[in-house]
Amino acid sequence: MPLGTLIMTRKVLRRIGFASASLLFLISSAWAQQGPEDGGHEVQIWTGGGHSVPGGTKNTGVWNLGLRYGWILTRPHGPGFLKGRFEYAVDAVPMFLVFQPANTAYGLGFNPIDLKWDFATRSSVVPYLEIDGGTLFTNHNVPAGTNTVNFTSSGVFGMHLLGSRYNWSIEARYMHISNAGLATPNPGINTFQVRLGIGRFLRKK
């Protein structure tokens with residue numbers, strides 16, 4: 001190969017290598033968003049819905065919308081793949097619809113207890129487990145013929161998908177709705193829901 005052609009080929013390869021490295025850097029920067037951090041916070045808006053499952057009142061659907069604020073309280077703890085951070089959060093629920101055969105009940109709620117375990121990962125996917133509890137107030141009895149004040153408790157498995165500016169979350173949620181004996185009868189409603197959220201993890205100041 002002529003010397004001039006060889007030098008030109010090396011220059012082209014160098015430029016291609018530099019362009020490729022730059023592109024990889026830009027892509028990685030675009031997808032690198034701060035995940036849960038010790039002493040940081042989480043803000044999120046979410047919506048979810050689902051249907052009743054066996055073990056309570058049947059033929060009932062639910063849809064809800066809410067806002068979350070969380071405090072990440074610990075550094076990573078735990079063995080192996082269970083290693084994670086503990087987060088405490090609260091949810092305001094300004095929209096909670098219950099679709100039941102007798103009517104559609106509109107409600108609002110507040111969840112003062114959200115206990116969440118954010119698994120410590122080095123990727124853009126952050127799984128989590130959660131249990132929470134709160135109160136639900138509705139304009140019609142839920143279920144029909146019971147009470148307008150109920151309590152909610154949930155068990156959750158979900159994951160955060162970290163993006164450039166915001167993160168998305170998707171989760172499977174089992175929620176129990178019951179008046180805890182405030183009225184008789186108290187058949188309760190067991191639901192399976194899918195919830196989607198968009199939010200950010202904020203660094204410690």
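Let me start with strands E3 and E4, residues 84–99 and 104–119, which run antiparallel and are joined by 13 bridges; strands here are DSSP runs of E, at least two residues in length, numbered from the N terminus, and two strands count as paired if DSSP finds at least two bridges between them. What we are looking at is a predicted model, in which local features need pLDDT of at least 70 and side-chain atom pairs count only at pLDDT 80 or more, while totals for chains, interfaces and linings use all residues. Residues are numbered from 1 along each chain as its sequence is written, and side-chain values use heavy atoms, with hydrogens and water left out.

Within this pair, Val 98 has Ala 105 of E4 as its bridge partner, and the two strands form a hairpin with four residues between them.

How many cavities of 30 Å³ or more does the structure hold? There is one, and the largest cavity has a volume of about 70 Å³. A cavity, on a 1 Å grid over the protein atoms alone, is a set of points where a 1.4 Å probe fits but cannot get out, whereas a pocket is an open set with protein on both sides within 12 Å along at least five of seven lines, and lining residues have an atom within 4 Å of a point. Grid points are joined across faces, edges and corners, and the volume is the space filled by probe spheres set on the points.

The lining of the largest cavity includes Trp 46, Phe 96, Phe 110, Met 175 and Arg 195. E3, E4 and E5 each supply at least two residues of that lining, and E4 gives the most, with three. By class, the lining has six nonpolar, four polar and one charged residues, counting Ala, Val, Leu, Ile, Met, Phe, Trp, Tyr, Cys and Pro as nonpolar, Asp, Glu, Lys and Arg as charged, and the others, Gly among them, as polar.

The largest pocket has a volume of about 300 Å³, and of its 15 lining residues Arg 85, Ala 120, Thr 121, Arg 122 and Ser 123 lie nearest its centre. Its lining has six nonpolar, six polar and three charged residues.

I will close with two individual residues. Gln 44 lies in strand E1, residues 41–52, and is buried at a relative accessible area of 9%, where buried means under 20%, exposed over 50% and partly exposed in between, with a 1.4 Å probe and protein chains only. Its side chain makes a polar contact with the side chain of Ser 169 at 2.9 Å; such a contact is a pair of N or O atoms within 3.5 Å, where within protein one must be able to donate a hydrogen and the other to accept it, and residues adjacent in sequence count only if both atoms are side-chain atoms. Arg 165, by contrast, sits in the loop between strand E6 (149–162) and strand E7 (167–178) and counts as exposed, at 52% relative accessibility. The C-alpha atoms of Arg 165 and Phe 201 are separated by 9.5 Å, with the two residues 36 apart along the chain.
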